[in-house]
Amino acid sequence: MHPKIKSQELFAQALNYIPGGVNSPVRAFRAVGGQPFFVDRARGASVWDVDGNRYLDYVGTWGPAILGHANPKIIKAVRDAAKLGTSFGIPNPREVDMARTLRAWVPSVEKVRLCNSGTEATMSAIRLARGFTGRDKILKFDGCYHGHADSLLVKAGSGALTFGNPDSAGVPAAFTQHTIVVPYNDPEAVRAAFAANPGAIAGIIVEPVPGNAGLYLPRPGYLEFLRQITSAEGALLIFDEVMTGFRLAKGGAQERFGIRPDLSCFGKVIGGGLPVGAFGGRGEIMDYLAPLGPVYQAGTLSGNPVAMAAGLAALAELEASHAYARLEELGAALEAGMKEASATAGVPVQFIRCGSMFCGYFTSEPVHNLADAMKSDRERFKKYFHGMLDRGVYLAPSQFEAGFISTAHSAADIEKTVRAAARVFRTL
Ligand SMILES: *Cc1c(COP(=O)(O)O)cnc(C)c1O
């Protein structure tokens, strides 16, 4: 590794002009100590910092880079689209292509509205659920993150956990009084919430596979239970698939687990690395949106032609390259290698994986929810993170983030990662 002199200089400058030097808090490395590196460029599974160091990247711009960085087909699509104009604010054909593609890939999405981020998607889906049902309350889960909209920023996972404020300042209690929070994977808690709020819960919003407090999986039957109880109670089931959509399968977690939610939220992969979000679902619900219905939602840049082009190119390439089978293989290899390496070193690690998403918790107890995740030894994680970084492997700089494999990772990259981890585990 070259000394990170330019990165340090840039960070020092950034601190003068940008709060904490970063435009999204987890990037600041606060949870692991040290300073972030600054990126010069990225290609495939690698990023290069401004000091010339190369890292094998498992953050993948926090999910979107499922085809690796600077995928040539996406770059070409962006260039071609940009030549025709970067924003119109007038309907353009690519929006229709995108909507049609989403509907084909995700059968529960009969109609879809495009927006600019995952936060916009969840915020709008919640408003729509409230408008459609005429109810105010929303049920969410401890440790699930649904973006930074006021009413959802309660016990919200990664960033919030990393900085020790489970609830943000600046959110009036009145704004979250209709947000009910219960532990994930605990059917009884959901039943109790419905019993305590009869006829008042508009919907449940859930990350079907929670990836913002590390990664843990729904217990068998749990998502089916959420489907049943929402239907029985006249509430909507909202899957926040901003992270899992187009990543765990063509049709996201809902395809993988065979559940049909009423509404779904997307982001990340759907934009091919450009800012895109979307929410969609049952036609009769979606038709409650303006201009047809009474629920207002809008966006100057929504359906942006360049972003649509990037997203469409990404989805086309995922399909053409049989990406999901390959990601599953790579994920299985990483899981097997990491489990063996930690066992050999005698370091207790719960390595949890779903397709190309993964997380290793430093605890000997199984992890099914946020309370379990919090048992992870974060001092160990810090050493592990820096040990891997020093060996050229970039993991998310927090215990409470999922890792992502891309189709640009090779079997050799996975082996290299496991070898690095085996060495680092011995030092913990
Ligand atoms: C990242 C994420 C969001 C927020 O998306 P942004 O594009 O960062 O606003 C919402 N929900 C989930 C599950 C996410 O992982």
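Student: Which residues of α3 meet α11 in this predicted model?

Tutor: R94, E95, D97, M98, T101, L102 and W105 do. Their partners in α11 are P305, M308, A309, G311, L312, L315, L318 and E319.

Student: What makes these residues count as meeting?

Tutor: The cut-off is heavy atoms within 4.5 Å. The listed residues of α3 and α11 meet, so they are in contact by that rule.

Student: What classes of residue make up the contact of α3 with α11?

Tutor: There are 9 nonpolar, 2 polar and 4 charged residues.

Student: How do α3 and α11 pack?

Tutor: Their angle is about 35°, and their axes are 9 Å apart. The crossing is left-handed.

Student: Why is the pair of F132 and Y288 called edge-to-face?

Tutor: Ring centres must lie within 6.5 Å to pair, and planes over 60 degrees apart count as edge-to-face. Here the centres are 5.0 Å apart and the planes stand at 80°, so the pair is edge-to-face.

Student: What does the pair of F132 and Y288 tie together?

Tutor: F132 lies in helix α4, and Y288 in the loop between α10 and α11, so the pair ties together parts that are 156 residues apart in sequence. The structure holds 21 aromatic pairs.

Student: How much space lies in the second largest pocket, and which residues are closest to its centre?

Tutor: About 430 Å³ lies there. Of 23 lining residues, the closest to the centre are I90, P91, E95, S302 and G303. Both α3 and β4 give two or more residues to the lining. By class, the lining of this pocket has 12 nonpolar, 9 polar and 2 charged residues.

Key: Residues are numbered from 1 along each chain as its sequence is written. This is a predicted model: local features need pLDDT of at least 70, side-chain atom pairs count only at pLDDT 80 or more; totals for chains, interfaces and linings use all residues. Side-chain values use heavy atoms; hydrogens and water are left out. On a 1 Å grid over the protein atoms alone, a cavity is a set of points where a 1.4 Å probe fits but cannot get out, and a pocket is an open set with protein on both sides within 12 Å along at least five of seven lines; lining residues have an atom within 4 Å of a point. Grid points are joined across faces, edges and corners, and a volume is the space filled by probe spheres set on the points. Helices (H or I, at least four residues) and strands (E, at least two) are DSSP runs, numbered from the N terminus. Ala, Val, Leu, Ile, Met, Phe, Trp, Tyr, Cys and Pro count as nonpolar, Asp, Glu, Lys and Arg as charged, and the others, Gly among them, as polar. Axes are lines fitted to C-alpha atoms, for helices over the stretch in contact, and angles run from 0 to 180 degrees between N-to-C directions. A crossing is left-handed if the near helix is turned anticlockwise from the far one by less than a right angle, and right-handed if clockwise. Rings of Phe, Tyr and Trp (its six-membered ring) pair if their centres lie within 6.5 Å; planes under 30 degrees apart count as stacked, over 60 as edge-to-face and the rest as tilted.
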